[in-house]
Amino acid sequence: MSDLRADRRRLVNIVGGSAGNLVEWFDWYVYAAFALYFAPSFFPEGSPTAQLLSTAAVFAVGFVMRPIGAYVMGVYADHRGRKAGLTLSIGLMCLGSLMIAASPTYAQAGLLSPTILVVARMIQGFSLGGEYGSSATYLSEMAGERRRGFWSSFQYVTLIAGQLVALALLLGLQALLGEAALEAWGWRLAFVAGAILAVVVFVIRRNLTETASFERLGSDRPRSSGMRLVRDHPREALLVVALTAGGTLAFYAYTTYMQKYLANTVGFDRATASRIMTVALAIFMLLQPLAGLLSDRVGRKPVMIAFGLAGALLTVPIFTALESTRDPLTAFALVMASLVIVTGYTSINAVVKAELFPGHIRALGVALPYAIANTIFGGTAEYVALWLKGAGREQYFYYYVAGMIALSLIAYVGMRETKRTSLIVD
């Protein structure tokens, strides 16, 4: 009976931690999902591509803050606990959403308008930098050894669900308000919704149970710091950067940028592009636990290698085929193929990183190297793609994504099997 109660409590904590992760990523992705509509409010001059390029630049600025947030909040979560880190991150995300929802337009406030947008995204980037490490560490430590791949995959289930809910809200507001109202003021409703959900999650996270792995460390544990990470775990930190680079670029190319690519390059109207991505992401979300479960059986390394091989070989053909596609069903099939490929990375990357580090420095070790790679490659994905499109060399982006995946594949082949050598102590 005690084991049953413990399993039930573990499930409640995993669900609670995952729900918070969903809202964090919803708040983050609302920006990308609604950029087509609010871009003229902040950047009124230029072509649609130029406006999207400006919003993509602000999107990238948010990523610049993620390594800073990863460092500060990673150390905080290693010192104060995973629960404390999760609670602080959701509060900051709420603040950023409220700022965007209430921000004036360029016509009302001039340069102050995009300045507020930049500051809000910096706060959200800081928040998300800490969220990833705290969330990955919390779910991996809470999961238990036998099903650690399965349960930790729910980090990306909720990450994708956040993006999916953002797109679903977009579709709902498109149907309810229409294009003109959405562009004029309706986009603000999405950021208000994100702030309200963040308040709810703040309450939930305050009632989570701290992980046994953290509590077992005791008060005399070594202190977490950047110096200790570089001095004591340089190989692991570099491995996190290497295995993240191709995976995070592929993820943002196949998900966040893909919606704009379908509208801005392929030529679908905005509503059709949103519908294609909504259905594809729903299926993608359901694939994560299956791949996580597979990693519990065959190991993490084979799953990561499968992503690396398929991504390096098929990214260019998929994007090239999409260029000439006019049928929504064909476009959906091609998008879905790319998402199946990247599942090999998204489903287990968090647990792989968590298994590399001892408990006293795990949140920082997971968060900081990941945030650095994510900023350099994931955060700039849209900007690079749109810049190359503006230069008439959009096809170069396809080769860039495929090449980075190939480089990460080298790390996947050379890494040890973390399922067997995990440093997480239940």
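Predicted model: local features only at pLDDT ≥ 70, side-chain atom pairs only at ≥ 80, totals over all residues.

Residues are numbered from 1 along each chain as its sequence is written, and side-chain values use heavy atoms, with hydrogens and water left out.

**Overall fold**

The chain has 20 helices and zero strands. Both are DSSP runs, numbered from the N terminus: helices are H or I with at least four residues, strands are E with at least two. Along the principal axes, the C-alpha atoms fill a box of roughly 60 × 45 × 45 Å.

Of the 426 residues, 59% count as buried. Buried means under 20% relative accessible area, exposed means over 50%, and partly exposed lies in between (1.4 Å probe, protein chains only). The accessible surface comes to about 15,600 Å², and 68% of it belongs to carbon and sulfur atoms. Such areas come from the Shrake-Rupley method with a 1.4 Å probe; for residues, only the protein chains shown count as cover.

Contact means heavy atoms within 4.5 Å.

**The cavity**

How many cavities of 30 Å³ or more are there? The count comes to one. A cavity is a set of points on a 1 Å grid over the protein atoms alone, where a 1.4 Å probe fits but cannot get out; lining residues have an atom within 4 Å of a point. Points are joined across faces, edges and corners, and the volume is the space filled by probe spheres set on them. The largest cavity has a volume of about 60 Å³.

Its lining is made of Tyr-29, Ala-32, Ala-33, Gln-163, Leu-167, Thr-255, Thr-256, Gln-259, Met-277 and Leu-281. Six of these are nonpolar, four are polar and none is charged. Here Ala, Val, Leu, Ile, Met, Phe, Trp, Tyr, Cys and Pro count as nonpolar, Asp, Glu, Lys and Arg as charged, and the others, Gly among them, as polar. At least two lining residues come from each of α1 (2-42), α7 (154-177), α12 (256-266) and α13 (270-298). Helix α1 gives the most, with three residues.

**Helix α12**

Nine of the eleven residues of α12 are buried, so this helix is largely enclosed by the rest of the structure. Among the buried ones are Thr-256 and Gln-259, which also line the largest cavity. Lys-260 is another buried residue of α12. After the helix comes Gly-267, with a positive phi near 105 degrees.

| Residue | Relative accessible area | Class |
|---|---|---|
| Ile-196 | 52% | exposed |
| Ala-195 | 3% | buried |
| Gly-81 | 0% | buried |
| Asp-232 | 36% | partly exposed |

Ile-196 sits in helix α8 (residues 179-206).

Beyond its neighbours within four places in sequence, Ala-195 is in contact with Asp-27, Cys-94, Ser-97 and Leu-98. Ala-33, a lining residue of the largest cavity, is 162 residues from Ala-195 in sequence and 16 Å away, C-alpha to C-alpha.

Gly-81 occupies the loop between α2 (48-80) and α3 (82-102). Leaving out residues up to four places away in sequence, Gly-81 touches Tyr-76, Glu-210 and Phe-214.

Asp-232 belongs to helix α10 (residues 226-232). Asp-232 and Val-12 are 220 residues apart in sequence, and their C-alpha atoms are 35 Å apart.

Methods: 1 Å grid on protein atoms, 1.4 Å probe; cavity = no way out; pocket = protein on both sides within 12 Å on 5 of 7 lines; lining within 4 Å.
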